[in-house]
Every structure is written in C-alpha cells, then in structure tokens.
Amino acid sequence: MRLINSSTCKLEEFFEPTIPPYAILSHTWEADEITLQEFTLAPGNRNILSKRGYVKVAASCRVAALQGFAYIWVDTCCIDKTNPADLSECINSMFKWYQDSAICYAYLSDIDWQRSGGQQYDNEEQAFSTCRWFKRGWTLQELIAPSSLHFYDVNWNRIGSKRLLRHSISKVTQIDEIVLNNSDALHGVPVARRLSWAATRSTQRIEDRAYSLLGIFNVNMPMLYGEGDRAFLRLQHEIVAQSPDLSILCWDASHISGQLFRTRRIWAIHGIIIHTTPIQK
C-alpha cells in the first residue's frame, strides 16, 4: 500500500502487518488531476506543483499533518493506473482501505460552506442534495466504509462529521442510518436495497458502475476495462454465487432512474430503483 508522507509529500510503500495509521481522502475527480508518475516528479516542477490536483493533495496532507497523522492515502497518486495488476489490486482493496483508515476527509469541491456574507445554505441537507460528491459511483463505498468521516468544503472549511450529520445524509442518499454508523451493518441489508443506493449515481467509465460496488457486496473480481455492460453482469454473478439473498432478481421496471444496463438475462438492472423496506434501527 502506497501512502503519502504528510510532512514531506513523498510516497512511501508499506505491507501488512506494518501499515501505519493513516488518513484517507475521498473526492470527485476533475480536470487537472495528478497521476502517480507526476506526483513523484513534483518537487521542483512548477507545472506539476501548480496543477489543481496537486494543490488538492498538498492541502489534504496539511490537514492530516495538523491532526497528527503522518500518512494519507489519495487515489489519484497512490495507484499506478498504468499497471493493470496494481489497478486491479487497489480497486479490490479499496473498501477495506477506507474501512481501516483512522479518518476520512470528504472534500466537496462544489460547496462553499462559508461565504463572506454568511452561510450559503440553509442546512447540510440542502447543500448535500446538490453536491456532486453524493452523485458519483465511487463515493458510495467511500461514504459507507470509514468509521470516521469528516466533510470539508472547497476552501477546506470543516462542515461536520458523518456521525453527526447521518440523518441529513440518509435523507439525501436513502442509506439506512445504521449502515452510516457502522459499515458492518451492510451484511444485514438486502442485496436489492444496496443496489438501489447506486441507482442514481454515475461513473465516467461504464465498467466502474460495477467495479465501484465490489466492497459494498464484499466480492472480488478482475478489472477488464473495455468489457462495457458485461462488468455489471459479472458482478451480479459474483453476488449470487456467494449470497443466498435472491432479492437481486427483483426489480420494478416502472421506476427508472439513470442509464440502464441492457442484458438478455433476468437480472436486476443497474439504474432501476428497487423498492425495499429499510432495515430498522
């Protein structure tokens, strides 16, 4: 596992069981993100140092260091996306890495929580309902997995914690509060309901609609970018192979949100909202 030293902004590599406590960043990818290769060349390179992606990583390092964390993990520059084996290992490990983190910083780049004239939003629920972070596929597991998650706005003003804001988050995402409190509660949630949480979320790559859900269902599978919609079909096969919960076969085609995966088999289709009863707290 590669981690960034929060004081030196340099990458270091660790292996189990000697991985130190670390913070972790959750964010939405935008233009000008920085790669692992660029990050290693950053010192002394003004072009790289001025990239918005590097500025974001450096800011997260400062927050981690101020809070006493010597290391932080950031997906853009801790994964070698030019290496298929490394990419596959990291994606399959990602839920666990977020779950094992000491703290997660959710950086909401399209929210300016404090303006000169006062607060821009009436409450957190209003802010979250329009925020891009709550609409992306990868951030679903990044919201659920960490035991400690704190939200920051575009200027790194702290908005609040997942624990304290769980009611507002649940209303925006439809995720049960018990799951927001403890990711272990995922095991008690029907497969169909877990799928419904992802129904209105989007990813840049079609395959990532499936790959971003591996941790939600505790399954592993190789990454095959280029397979298109077949990735979600493979995900469903993996879920059915290890779970007696067949709610995955139940879906209501009259309630459609988002883009459908077209298959010729009777499977739950990603993008369809499945109506299930929330588990009781």
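Just after α3, Gly68 takes a positive phi of about 90°. The model is predicted: local features need pLDDT of at least 70, side-chain atom pairs count only at pLDDT 80 or more, and totals for chains, interfaces and linings use all residues. Residues are numbered from 1 along each chain as its sequence is written, and side-chain values use heavy atoms, with hydrogens and water left out.

**Helix α3**
- Helix α3 covers residues 52-66, helices being DSSP runs (H or I, at least four residues) numbered from the N terminus.
- Its 15 residues should span 21 Å at 1.5 Å a residue, and the end C-alpha atoms are 21 Å apart, which agrees; the expected span is 1.5 Å times one less than the number of residues.
- Buried residues of α3 include Tyr54, Lys56, Cys61 and Val63, where buried means under 20% relative accessible area (1.4 Å probe, protein chains only).

**Cysteines**
- The whole structure contains 0 disulfides, a disulfide being a pair of cysteine sulfur atoms within 2.5 Å.
- For Cys90, the closest cysteine sulfur is in Cys78, 8.6 Å away and so too far for a bond.
- Cys90 is buried, with a relative accessible area of 3%, and Cys131 is buried at 0%.

**Largest pocket**
- The largest pocket holds about 530 Å³ of space; a pocket is an open set of points on a 1 Å grid over the protein atoms alone, where a 1.4 Å probe fits, with protein on both sides within 12 Å along at least five of seven lines.
- Its lining has 17 residues, of which Trp29, Lys81, Trp138, Asp208 and Tyr225 lie nearest the centre; lining residues have an atom within 4 Å of a point.
- α5 gives the most to this lining, with 3 residues.

Note on methods
Grid points are joined across faces, edges and corners, and a volume is the space filled by probe spheres set on the points. Helices (H or I, at least four residues) and strands (E, at least two) are DSSP runs, numbered from the N terminus. Buried means under 20% relative accessible area, exposed over 50%, partly exposed in between (1.4 Å probe, protein chains only).
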